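Dear colleague,

I am handing over the structure we spoke about, and my notes on it follow below.

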Amino acid sequence: MRVGCPREIKNHEYRVGLTPGSVREYVANGHEVIVESQAGAGIGADDAVYAAAGAKIVQSAKEVFDQADMIVKVKEPQQQEWKMLRQDQILYTYLHLAPDPEQAKGLIESGCTAIAYETVTDERGGLPLLAPMSEVAGRLAIQASATALQKANGGRGILLGGVPGTQPGRVAIIGGGVVGLNAARMAVGLGADVTIIDKSLPRLRELDNLFDGRIRTRYSTVEALEEEVFAADAVIGAVLIPGAAAPKLVTREMLGGMKKGAVLCDVAIDQGGCFETSKPTTYSDPTYEIDGVIHYCVANMPGAVPITSARALNHATLHYGLMLANKGLRALVDEPHLRNGLNVHRGRITNKAVAEALGYELAAPQEVLQVA
Ligand SMILES: NC(=O)C1=CN([C@@H]2O[C@H](COP(=O)(O)OP(=O)(O)OC[C@H]3O[C@@H](n4cnc5c(N)ncnc54)[C@H](O)[C@@H]3O)[C@@H](O)[C@H]2O)C=CC1
Ligand SMILES: CC(=O)C(=O)O
Ligand SMILES: [Mg+2]
């Protein structure tokens with residue numbers, strides 16, 4: 001198969017869909033790999049490194065899209081990219097379609113087969129292609145919140161860890177999955193006072209055991225959310241219902257009960273955000289203020305640390321990427337966890353949560369792929 005990797009074009013996105021190491025694996029499996037010039041610049045891998053790994057370098061994204069049978073990316077295709085996709089081409093990348101009707105329409109019209117990293121599953125009920133970027137974003141969320149809390153940045157002016165004789169900052173983490181756990185690790189490491197709120201009691205038990213008394217856990221109710229959000233210096237939004245738009249757990253009205261200069265960091269913004277007042281921002285201008293509360297809503301947080309993120313992402317995507325290159329659509333027929341990643345196929349939406357969020361009729365993946 002001809003596998004193509006264009007340069008990422010989202011604002012301040014420095015990751016790359018294929019690292020030189022991944023290119024070598026595809027080439028070793030007998031595939032041709034086409035990489036856009038400078039696609040790896042953000043991770044310090046120039047065209048010569050990619051050529052040495054066996055890639056053919058082309059000068060434009062158009063050449064990649066024209067020549068490749070499968071496109072491997074990081075972020076959801078931007079408008080100029082989805083316009084270059086075509087019938088029977090495979091797109092393998094993050095999509096986050098539930099809050100993005102325009103992109104969904106573009107993918108439907110292209111006729112392509114679009115596989116979303118964030119809905120591929122594993123046998124333990126996890127999301128293995130989302131997890132590494134959630135690890136990165138969870139850790140970054142505390143760095144971002146700590147910076148936003150500084151007075152010169154509009155924040156309250158509190159040091160999350162405090163110093164001896166002062167109270168540490170309070171961090172409320174809503175959603176104790178991969179983002180939540182990694183945010184908690186960083187916040188605890190800094191010495192902050194941390195609460196994790198989740199609606200899964202088994203998960204709260206796991207977290208309680210893991211942190212051995214260093215965090216508070218709370219079951220997610222409106223009452224618990226209000227108490228924790230009002231008391232917090234920083235709130236991390238980290239909930240997920242796979243494929244679906246995030247539930248709005250902090251309302252506009254609740255901002256009035258928050259401390260002035262507190263920070264809402266909505267990591268779940270890629271699924272539409274879990275605070276009513278969230279809107280996607282970029283690293284060019286990551287924060288804005290509403291009712292005295294600083295909002296941080298960058299939808300591609302891991303893009304800021306591409307050397308770590310691109311490697312971690314490639315470790316997770318390579319296995320199924322190779323399977324797709326080796327078997328084509330047959331890989332989706334043979335492997336149910338990869339099939340759960342199928343969001344759009346030949347003009348139909350094939351993910352239940354996405355179809356419900358956007359009001360499309362669901363086409364069952366087994367039917368459109370004609371799984372026996
Ligand atoms: N902004 C960015 O750059 C990035 C954003 N993300 C996003 O972060 C979000 C979280 O991802 P993960 O941690 O991997 O998901 P996850 O599935 O590991 O964890 C989500 C947690 O939310 C909990 N939850 C669901 N509804 C809840 C409610 N009403 N109240 C409290 N908890 C609730 C679940 O029980 C689960 O423990 C996703 O939207 C993901 O796409 C991930 C990476 C980068
Ligand atoms: C998951 C996601 O949105 C990201 O890594 O940018
Ligand atoms: Mg988008």
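Which residues touch the most other members of the largest nonpolar core? Of its 115 residues, they are Ile-173 and Ile-236, where a nonpolar core is a set of buried Ala, Val, Leu, Ile, Met, Phe, Trp, Tyr and Cys residues joined through C-beta atoms within 7 Å, and buried means that 20 or more other C-beta atoms, placed from the backbone, lie within 10 Å of the residue's own. Helix H6 gives this core its largest share, nine residues.

Please note that this is a predicted model, in which local features need pLDDT of at least 70 and side-chain atom pairs count only at pLDDT 80 or more, while totals for chains, interfaces and linings use all residues. Residues are numbered from 1 along each chain as its sequence is written, and chains are lettered from A and ligands numbered from 1 in the order in which they are written.

S12 runs antiparallel to strand S13 (residues 293–296) and is joined to it by four bridges; Ile-290 has Val-293 in S13 as its bridge partner.

Best regards

Terms used: Two strands pair if DSSP finds at least two bridges between them. Helices (H or I, at least four residues) and strands (E, at least two) are DSSP runs, numbered from the N terminus. A residue is buried if 20 or more other C-beta atoms lie within 10 Å of its own, exposed if 12 or fewer, and partly exposed in between; C-beta atoms are placed from the backbone.
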